[in-house]
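Hi,

Here is the structure I said I would pass on. Have a look at it first, and my notes follow below.

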Amino acid sequence: MTSTDTTANPASPDAAPVMLALHQTALGGPEVLRLTELPRPAPGPGEILVAVHAAGLNPTDFKHRAVSIFLPPPPLTLGWDVSGTVVEAGLGVTLFRPGDEVFGMLPYPHGAGSHAEYVTGPARAFAAKPAGIDHVQAAALPLAALTAWQALVDTADLRAGQRVLIHAAAGGVGHLAVQIAKERGAHVTGTASAPKHDFLRELGADACVDHRTEDFTDTDARYDVVLDAVGGETAARSVNVLRPGGVVVSLLPVTAETRRAAEKAGGHAVGLLVEHDRAGMRAIASLVEAGRLRAHVSGTFPLAEGARAHAQGETGRTTGKLVITVR
């Protein structure tokens, strides 16, 4: 049963066991997304049922909507970022109870489903929502912030005094990576179009490169860490600005040729796929609570207008994050 009424109001947490979801039955453009009535899920062992207040959008949502990558073919409901209220705790869950406000990233890639009024996920994919931010801010953080954290901290072991180059630094992952890198005491250079340089400097970036008019390799600067959220030849070219012992962490697949080039330069290149991570979420929450990390939300869309959110996101011109509001 589908709904075409874009003024449909989400149900309250104690509603009947049905829900509205941004659902698709075919691959394609944003037009395949439909507000659809589905059965409300029930939490299994080790899971919690969350009444979704807001859910972030990420480029991976756009890609999976259009092409079968990691997920099986439709029907499916996308969305990995979520912030909301616990409705029910499944068997064995000790971390949360009904009424708790939580945020987290559903297990990537097979745990999608947060673009709906309710979603279930492993309790340990969530952390307590920081009290100082609302659900929209919280929903913008999980996937992008975890990606940045796992790239810079877990993978690269970024330390004070090191130099880091962040590609697409004004984007969802990038703008959070700038803040995390500064928190680690690093010197940060970010690539972005010139109109976004003031934004990057406000986040703490020490230097900016206009990717439209400047070649980031045309410099004597050398970096301990390069975070590549662009793909294509960016990872391969980034090898040319590595210090010996440095690492290129790409959010897209890294070719064998790029790996060999990095090794020849005395460094290495790796591809990262983000994982759900309670410890990482708690570290992110701590930074938020300390006022050291904040997501920039450039637009919000109600669940019924999810297709429009996808269309805007796919322009590639978003600064920070887009968020779908549910409650």
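Strand E13 (residues 223-228) runs parallel to E10, joined to it by three bridges; Leu165 sits opposite Val226 in E13. E10 (residues 163-166) also pairs with strand E11 (residues 187-192), again in the parallel sense, over four bridges, and there Val164 has Val188 as its bridge partner. Two strands count as paired if DSSP finds at least two bridges between them, and the helices (H or I, at least four residues) and strands (E, at least two) are DSSP runs, numbered from the N terminus.

Before you go further: this is a predicted model, where local features need pLDDT of at least 70 and side-chain atom pairs count only at pLDDT 80 or more, while totals for chains, interfaces and linings use all residues. Residues are numbered from 1 along each chain as its sequence is written, and side-chain values use heavy atoms, with hydrogens and water left out.

Back to E10 and E11. The chain gets from one to the other through helix H4 (residues 172-183), in a right-handed β-α-β crossover (with the strands pointing away from the viewer, the path from the first strand over the helix to the second runs clockwise). Ten of the twelve residues of H4 are buried (under 20% relative accessible area; exposed is over 50%, partly exposed in between, with a 1.4 Å probe and protein chains only). Among them are His175, Leu176 and Gln179. How far apart are the end C-alpha atoms of H4? They are 17 Å apart, which agrees with the 16 Å that twelve residues should span at 1.5 Å a residue (1.5 Å times one less than the number of residues). After H4 comes Gly185, with a positive phi near 85°.

Beyond its neighbours within four places in sequence, Asp206 is in contact (heavy atoms within 4.5 Å) with Lys182, Ala186, His187 and Val188. Its side chain makes a polar contact with the side chain of Lys182 at 2.9 Å (a pair of N or O atoms within 3.5 Å; within protein, one must be able to donate a hydrogen and the other to accept it, and residues adjacent in sequence count only if both atoms are side-chain atoms). The backbone nitrogen of Val188 is 2.8 Å from a polar atom of the Asp206 side chain.

Cheers
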